[in-house]
Amino acid sequence: MVAQKITIEPVTRIEGHAKVTIRMNEAGKVDHAYLHVNEFRGFEKFCEGRMVFEMPLITPRICGICPVSHHLASAKAGDDILGATPPRPASLLRELMHMGQVVQSHGMHFFELGGPDLILGFDADPEIRNVAGLLAADAGLTVRAVNLRKWGQEIIRILGGRRIHPNFAIPGGVNKALTKEERAMILAGYDEAIETIKIGLKIMYDWAEKNAEDINKFAVLKSGYFGLVNEDDALELYDGKIRLIDSTGKQLEKFDPRNYLDYIAEHVENWSYLKFPYYKKMGFPQGVYRVGPLGRCNNSKSITTPLANEELKRFKALNGGKPVENTLHYHTARLIETMYAAEHVKVLLDDPDILSKDILNTCRNPKSSGVGVIEAPRGTLIHHYWMNENQQLTKVNLIVSTGHNNWAMSEAVDSVAKTYITGPEVPEGILNRVEAAIRAHDPCLSCSTHAVGQMPMIIEVKDSSDTIVKTIKRD
Amino acid sequence: MKTLVIGYGNLDRQDDGVAWHVLSKLMQEFGVEKPNDINIDFFNPKKDVHFLYQLQLLPELADELSDYDYAVFIDAHNGAMPSDVYFEQLSPIFTSSPLTHHLSANSLLSITNQIHHKYPKSILVSIRGFEFSFSQCLSSQTASLVSIAVEKIHEWMNNQGKD
């Protein structure tokens with residue numbers, strides 16, 4: 001049999017787009033599958049020369065899905081470089097906005113992007129395997145899901161003052177206090193949000209019980225886990241220390257995020273523009289790690305809110321207290337974090353400082369570089385700025401969550417392809433599983449540009465001489 | 001008859017933000033001052049027209065859409081459409097995007113219809129983009145298409161409610 005290569009790729013590519021190549025051997029089995037990300041770091045150059053205080057307004061434009069994460073990471077880098085620690089009420093308000101972002105982003109992923117695979121089935125007709133199919137199957141659930149996301153967006157709008165490009169966090173604090181009326185508006189949606197997340201968790205666990213075989217053979221990977229924690233090693237999404245554990249759960253490091261360059265290095269492969277971050281001391285690939293919901297739930301010993309903490313205990317029991325290695329449990333971890341974010345909204349709103357007008361520290365003690373780190377929905381987001389004496393940026397380094405998970409996504413694609421593809425004829429449901437291996441990480445590959453964000457995919461089957469023998473297009 | 005005119009795209013990625021420029025010009029033709037900010041969210045009660053700009057379409061817009069009789073979606077395309085200023089009557093048909101968060105206008109109408117059992121009569125006006133680098137200035141080729149798009153939208157809006 002002639003060796004073949006199957007390529008899944010978008011028709012057009014610009015920053016951050018990806019393709020999958022599945023190389024078949026002569027026996028008709030998968031030899032190796034690759035995820036190629038064609039990343040172009042143009043945004044960092046674009047920011048050079050801008051004033052540091054402008055950055056919280058500029059960087060949200062990187063992404064239409066998680067602008068708040070960039071907004072807040074940028075403001076934190078601004079706090080650091082200008083030596084302007086925000087007053088406590090400002091940090092609470094930033095965190096409140098961040099929780100809104102986590103709820104809307106995670107909610108959208110589970111119910112609208114990843115959920116259809118689980119609720120309707122990997123092998124369901126692709127015509128109905130989407131949110132519209134979900135609506136037809138369970139309209140009540142889908143309306144709840146839309147309302148959950150809307151609640152998160154409303155928190156962002158109330159604080160940010162507008163629908164897009166929030167103008168809220170600035171170095172040293174925020175520029176708007178919360179009113180009693182706004183607090184009440186947010187609280188009004190709390191109970192329904194909690195109920196919806198509980199339904200999501202029940203769906204996830206019911207599905208996991210019925211599909212244990214799939215879960216246990218679908219990209220089960222050994223890796224380290226990386227993310228922010230608080231002083232007690234509890235889950236932290238806004239501020240804390242970075243904790244890194246190995247595949248057995250043993251802590252390797254716990255460090256100030258400002259020092260990330262002492263711990264992380266980036267490996268280069270000739271088949272991807274996106275680098276592969278890894279833990280320096282262990283080298284590549286031994287030092288690879290995963291970020292995002294699975295990384296954080298494995299990395300955290302507990303969660304500070306009661307319902308999410310109970311769910312975390314259940315999650316940890318899945319692998320007897322050791323890190324959960326199954327890629328499909330990214331979905332479970334995502335829902336646990338959604339629960340935490342929703343519960344934490346109430347914790348923040350109940351804090352006596354939340355209505356304070358003490359929201360900006362105008363003192364400045366500038367230095368030449370500063371780092372802002374936040375846990376974006378997809379994983380750890382690092383903004384690192386260097387500036388001159390005029391407070392103009394001379395260098396910018398952004399490490400985004402999707403970059404941290406590059407190894408994980410690549411390995412997941414390879415593992416799923418090898419597990420499920422048994423010959424050159426790839427059924428749609430199997431192709432969907434390969435895509436789901438990427439989708440589980442909720443990568444942000446194409447958000448910055450709408451026109452090329454549609455990413456139709458082409459699957460090319462090539463023989464050993466690189467001649468295309470079959471083309472399948474998916475819109 | 002209430003109309004929503006919604007543009008979407010990334011204004012900072014050059015031609016990807018062409019919808020903002022179209023929306024801005026259209027608003028001026030409706031006697032509204034040119035917006036000086038990316039955020040456009042303006043209701044003109046005299047004409048019953050709401051102008052809105054978004055980075056991208058999002059599912060929760062379904063609730064808002066259900067309140068309108070007509071909707072005009074304005075976006076950019078990269079040459080995949082049959083013409084530089086592509087005009088299409090939309091239907092509530094869902095198409096999924098397997099790896100991204102992209103939501104099409106048809107898909108949004110589908111969600112609107114399924115949740116609210118109604119949707120506005122809608123068109124898509126998609127304008128060809130040629131350059132997608134980091135800039136807020138349109139390429140000359142795309143800039144030349146803005147007036148054509150505005151004219152098409154105006155014509156369509158004027159013809160609604162006559163039949």
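User: A crossing of two helices is called left-handed if the near helix is turned anticlockwise from the far one by less than a right angle, and right-handed if it is turned clockwise; is the crossing of α14(A) and α15(A) left-handed or right-handed?

Analyst: This is a predicted model, in which local features need pLDDT of at least 70 and side-chain atom pairs count only at pLDDT 80 or more, while totals for chains, interfaces and linings use all residues. Residues are numbered from 1 along each chain as its sequence is written, with chains lettered from A and ligands numbered from 1 in the order in which they are written. Helices (H or I, at least four residues) and strands (E, at least two) are DSSP runs numbered from the N terminus. By the convention in your question, the crossing of α14(A) and α15(A) is right-handed.

User: What is the relative direction of α14(A) and α15(A)?

Analyst: Axes are lines fitted to C-alpha atoms, for helices over the stretch in contact, and angles run from 0 to 180 degrees between N-to-C directions; under 35 degrees counts as roughly parallel, over 145 as roughly antiparallel, 65 to 115 as roughly perpendicular and the rest as oblique. Helix α14 (residues 406–420) of chain A packs against helix α15 (residues 428–439) of chain A at about 160 degrees, their axes being 8 Å apart. The pair is therefore roughly antiparallel.

User: How many nonpolar residues does the contact of α14(A) with α15(A) have?

Analyst: Two residues are in contact if their C-beta atoms, placed from the backbone, lie within 7 Å. On that basis Met409(A), Ala412(A), Val413(A), Val416(A), Ala417(A) and Tyr420(A) of α14(A) make the contact with Ile430(A), Arg433(A), Val434(A), Ala437(A) and Ile438(A) of α15(A). Ala, Val, Leu, Ile, Met, Phe, Trp, Tyr, Cys and Pro count as nonpolar, Asp, Glu, Lys and Arg as charged, and the others, Gly among them, as polar. The contact has one charged residue and no polar ones, and its nonpolar residues number 10.

User: What handedness does the crossing of α3(A) and α4(A) have?

Analyst: The axes of helix α3 (residues 67–82) of chain A and helix α4 (residues 88–120) of chain A come within 9 Å and cross at roughly 155 degrees, so the two helices are roughly antiparallel. Where they meet, α3(A) brings Val68(A), Ser69(A), Leu72(A) and Ala75(A) and α4(A) brings Arg94(A), Met97(A), His98(A) and Gln101(A), by class four nonpolar, three polar and one charged. Their crossing is left-handed.

User: Which strands stand at the edges of the six-strand sheet in chain B?

Analyst: The sheet is open, has mixed pairing and runs in the order β2-β3-β1-β4-β6-β5 (chain B), where strands pair if DSSP finds at least two bridges between them. An edge strand has a single partner, so one side of it is left without a neighbour in the sheet, and this applies in chain B to β2 and β5 (85–89).

User: Is Asp48(B) buried, partly exposed or exposed?

Analyst: Asp48(B) sits in the turn of the hairpin formed by β2(B) and β3(B), where its phi is positive at about 60 degrees. Leaving aside residues up to four places away in sequence, Asp48(B) touches Met1(B), Lys2(B) and Thr3(B). A residue is buried if 20 or more other C-beta atoms, placed from the backbone, lie within 10 Å of its own, exposed if 12 or fewer do, and partly exposed in between. Because Asp48(B) has 13 C-beta neighbours inside 10 Å, it counts as partly exposed.

Notes. A crossing is left-handed if the near helix is turned anticlockwise from the far one by less than a right angle, and right-handed if clockwise.
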